[in-house]
Amino acid sequence: MIENLTLFLILGPALLALVVYGAPRRLYGPLVVLSSALLFSAALLAWLLHAQSVAIALPAWTHAAIVLLDFALIGYFLWVGVRQNHRLIVLLALLQGALLGWVLYALSAAPLAEIVVDKLGATLWLLVTGVGGLIAWYAVGYMRHESDSPRRQQAFVAILIAFLGVMNALFVADSIELFFLLFELTTLSSFILIGWRRDAASRLSSLQALWMNQLGGVLLLLGMGVIIWQGAPLFFSALLESQSGWALGAAAFLIAGALIKGAQMPFDRWLLGAMVAPTPVSAILHSSTMVKIAPFMVLKLGVLLHGTPLAVAVAYFGGFVFVAGAFVALARNHLKEILAYSTISLLGLMVMLSAVATPLALSAALTLILFHGVAKAMLFMEAGVLEKLHHAKSVDEMGGMLSRAPMSVFLVLLGFASITLPPFGALVGKWVAIEASAQSAFLFLFVALGSVVIALLYFKVAGYMLGKPGSQMGLTIERIPRVFSVTTLLLGVTLALSAILIAPTLVYLIVPAIEPFAPGSEIAHKGLTLMLPSGDLPFWQIVGAWLLLLLLPLAGLKRMRRVDRVREYSGGERIEMQPVTFYFPTPRWIVRAMAIIGAIFFGLIVLLGGVLWVA
């Protein structure tokens with residue numbers, strides 16, 4: 001049963017994408033909804049039925065197919081580089097081809113491309129299909145506002161659906177050879193999606209994303225080369241069983257490649273450039289697909305890293321990015337750019353916790369991966385609603401938005417709260433993170449400082465939306481297309497229910513996924529009360545926090561109708577009140593310094609990989 005579900009979740013999205021692309025216009029939308037529902041149902045069934053890891057050996061011809069597809073992708077990247085006269089892309093494509101050829105030549109025997117379905121992979125399938133499916137449905141409505149032809153709009157949504165199958169396969173790939181192919185397919189997908197609008201900005205951003213992710217592919221090949229050089233099989237399970245220094249060297253290269261995919265500084269520019277694409281691209285990249293490869297890789301190899309100098313370097317790198325990304329976001333005005341930098345920041349925290357690799361830290365990392373994915377998808381989708389329906393992109397254009405778009409603002413506030421306030425899973429993840437990082441003063445400082453800055457960032461935007469210009473005293477009923485309201489509300493309901501049921505959510509969703517890697521997370525529940533090593537979170541406090549959050553938007557609707565607002569020493573003259581927000585301008589030299597520090601940390605990880613390999 002699990003084997004059939006796995007096959008459907010990996011190959012099914014590509015087949016469903018073809019059906020969606022070729023469907024008549026009147027059936028296109030319903031088919032996208034049906035495809036999303038089928039994929040999530042299969043993922044949920046796989047999660048419910050999963051009892052222990054299931055290894056699936058693919059047919060022998062799979063190796064030849066993987067090799068063929070690898071070289072086809074590298075050849076395509078080379079063609080793009082030549083056509084666009086981009087020397088770096090050409091150079092990286094040639095380097096990838098040479099390294100892949102060397103790895104294949106050094107193989108003593110062609111290994112089978114094997115898949116291992118564990119509880120972690122099945123849990124991440126829920127994120128990919130649930131969130132990704134809703135984004136594909138949302139994209140049906142969003143792309144109607146684009147100037148593309150109907151057929152091209154269907155092609156866009158079809159690519160999003162096919163992308164889900166790549167991520168489903170990546171999260172259960174035990175063969176590193178197969179993982180590399182899937183890694184390259186995500187590079188191809190991001191290149192196509194970021195450059196979708198075909199204007200100058202889209203072309204430059206897509207090329208930037210291409211060469212940076214190509215560099216990640218080169219590092220993956222170096223990690224594969226280390227394993228082959230030692231005569232070991234190209235499987236994650238075999239790598240985790242090794243106690244040799246060379247295994248850490250291989251892990252360092254693999255992690256470094258994944259960190260680029262996760263847009264960690266100084267490679268954050270490719271993810272910022274993705275904002276030129278249609279909003280569903282940002283939503284899917286930031287929530288359930290590409291960028292989650294970074295914390296996933298570190299989490300997967302965390303047990304191998306635990307207690308080593310490499311773990312310290314990766315953890316400090318992630319902690320630095322958590323703080324630096326949040327600080328950079330404070331100076332931004334464009335809503336999608338603020339959301340992008342907060343993603344980069346929180347990914348750093350996930351990487352840090354995965355590198356600490358204690359059971360508690362890994363549980364906190366997975367909690368953040370899942371809850372951040374749901375929240376960030378909803379936030380980007382709402383940013384698209386504000387852009388398309390209310391023509392508001394920057395924070396300055398959203399003053400008093402509560403009066404004009406109450407439902408959209410409520411969902412944005414819910415997304416902000418789910419990342420910064422109790423009783424939501426992301427905040428509980430940070431709570432656990434503080435406890436897990438208490439062993440290191442620097443890591444503790446990173447978690448505390450980064451959490452404060454992220455909260456300040458979101459409250460800045462929320463305060464401006466709740467503000468009310470003096471000329472707007474009423475409340476407008478917002479008219480939202482059904483496809484926008486249903487998809488975002490489903491994500492909002494998911495966040496709300498998981499907050500109320502946070503105790504069983506962590507115990508039955510998070511802990512079983514981490515237990516096989518690192519048993520003993522010390523997270524438990526008593527009824528609906530969450531029990532952590534540092535203390536309990538009673539259910540009445542969970543409900544109380546949730547009720548207080550519901551009152552927050554009402555504060556923005558309060559009207560002081562019979563009171564004149566005056567200032568001191570104004571002689572009683574009435575003063576019109578206007579909402580304002582504060583910016584924290586970051587000098588360029590500080591931004592450059594952050595990029596340089598990130599590059600130093602990244603270089604240290606790669607250097608450790610080389611040293612451990614030689615040693």
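The following questions and answers concern a predicted model of one protein chain.

Residues are numbered from 1 along each chain as its sequence is written, and side-chain values use heavy atoms, with hydrogens and water left out. Local features need pLDDT of at least 70 and side-chain atom pairs count only at pLDDT 80 or more, while totals for chains, interfaces and linings use all residues.

Reader: What is the mean pLDDT of the chain, and over which residues does pLDDT stay under 50?
Author: pLDDT is the predictor's confidence in each residue, on a scale from 0 to 100. In this chain 88% of the residues reach 70 or more, and the mean is 83.

Reader: How many helices and strands does the chain have?
Author: Both kinds of element are DSSP runs numbered from the N terminus, helices being H or I over at least four residues and strands being E over at least two. Counted in this way, the chain has 24 helices and 5 strands.

Reader: Is V291 buried or exposed?
Author: V291 lies in the loop between helix 12 (279-287) and helix 13 (293-305). Beyond its neighbours within four places in sequence, V291 is in contact with K261, G262, W270, L271, L285, H286, T343 and L347. Because its relative accessibility is 0%, V291 counts as buried.

Reader: What distance separates the C-alpha atoms of T186 and T289?
Author: T186 is found in helix 7 (residues 176-194), and, with neighbours within four places set aside, its contacts include F163, K261, M290 and I293. T186 is buried, since its relative accessible area is 0%. Although T186 and T289 are 103 residues apart along the chain, their C-alpha atoms are separated by 8.5 Å.

Reader: Which residues are joined by a cis peptide bond?
Author: The proline of this pair, P266, is found in the loop between helix 10 (245-261) and helix 11 (269-273). With omega at about 10°, the cis peptide bond joins M265 and P266.

Reader: Is A357 buried or exposed, given its positive phi?
Author: A357, whose phi is near 65° although the residue is not glycine, lies in the loop between helix 15 (335-356) and helix 16. N85 also has a positive phi, about 55°, and N85 counts as exposed because its relative accessibility is 64%. A357, by its relative accessible area of 6%, is therefore buried.

Reader: Which side chains meet in a salt bridge?
Author: A salt bridge is a side-chain nitrogen of Lys or Arg within 4 Å of a carboxyl oxygen of Asp or Glu. By this rule the count comes to 1 salt bridge. At 2.9 Å from N to O, the side chains are those of E337 and R332.

Conventions
Buried means under 20% relative accessible area, exposed over 50%, partly exposed in between (1.4 Å probe, protein chains only). Contact means heavy atoms within 4.5 Å.
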